[in-house]
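Here is a short note for a colleague who is opening this structure for the first time. Please read it with the model on screen.

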Amino acid sequence: QGKFDHVITDIPYGIDMDMLNQQNPHGGMKNIDTVEELHDVEYNRRLIADFFPAAFRCTKEKAFVITWGDQMLWQFMYDCAIMAGFAVQRWPITWVKTSSCMNQCAQFNTTKDTEIAIVCRKKGSTLVANPQTSVITAGRDQLCTDVGQQFDKPRDVWKFLVNMVLI
């Protein structure tokens with residue numbers, strides 16, 4: 001009946017990297033070619049669809065599965081998780097970034113300084129801690145610097161999620 005107590009991860013979002021890197025006056029994102037290879041939209045949509053049933057199968061009876069995702073794919077991820085057998089929190093956990101964020105197209109868009117996580121649970125699962133908010137406020141930290149990947153999350157973000165589901 002599965003091996004893992006919980007899964008808390010950051011799967012590829014299926015975001016359009018061309019849109020993310022458009023019109024950057026500062027020379028573009030670091031390692032954009034490598035990042036683009038890992039973020040093909042259709043491939044990642046299939047990966048997301050496959051992720052939830054796999055996560056359901058490899059977790060124990062009363063497990064939580066939490067992953068980050070793009071706002072544009074919230075309903076798709078929600079539907080995939082429900083079809084896999086999870087109950088899903090109807091609203092996301094939202095990370096509000098306190099560090100400065102790039103805005104590649106400021107003439108058209110506000111800066112995207114939030115990210116969301118979907119909280120899925122198996123039947124009978126309950127949170128061990130019940131935060132009085134679904135908002136995490138944190139900026140980049142040494143963990144982000146040490147890992148050195150564009151989409152890393154700070155330690156406080158991971159700690160918030162882990163503390164919800166682990167004793």
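In which sense do β4 and strand β6 (residues 135-138) pair, and over how many bridges? Point 2 takes this up.

1. Ground rules. This is a predicted model, in which local features need pLDDT of at least 70 and side-chain atom pairs count only at pLDDT 80 or more, while totals for chains, interfaces and linings use all residues. Residues are numbered from 1 along each chain as its sequence is written, and side-chain values use heavy atoms, with hydrogens and water left out.

2. Strand β4 and β6. The two pair in the parallel sense, over 4 bridges. Strands here are DSSP runs of E with at least two residues, helices are runs of H or I with at least four, and both are numbered from the N terminus. Two strands pair if DSSP finds at least two bridges between them. Within β6, Ile-136 is the bridge partner of Trp-95.

3. Strand β4 and β5. With strand β5 (residues 114-121), β4 pairs in the antiparallel sense, again over 4 bridges. Here Trp-95 has Glu-115 as its bridge partner. Buried means under 20% relative accessible area, exposed means over 50%, and partly exposed lies in between (1.4 Å probe, protein chains only).

4. Helices α3 and α4. The axes of α3 (residues 41-57) and α4 (residues 74-84) come within 8 Å and cross at roughly 35°. Axes are lines fitted to C-alpha atoms, for helices over the stretch in contact; angles run from 0 to 180 degrees between N-to-C directions. Residues of α3, including Arg-45, Ile-48 and Phe-52, meet residues of α4, among them Phe-76, Met-77 and Cys-80. Contact means heavy atoms within 4.5 Å.

5. Ile-48. This residue is found in helix α3. Ile-48 is buried, with a relative accessible area of 0%. Its C-alpha atom is separated by 8.8 Å from that of Phe-76, 28 residues apart along the chain.

6. The largest nonpolar core. Such a core is a set of buried Ala, Val, Leu, Ile, Met, Phe, Trp, Tyr and Cys residues joined through side-chain atoms within 4.5 Å. The largest has 19 residues, and Phe-52, Phe-86, Ile-118 and Cys-120 touch the most other members. The elements giving two or more residues to this core are α3, α4 and β5. The most come from α4, with 6 residues.
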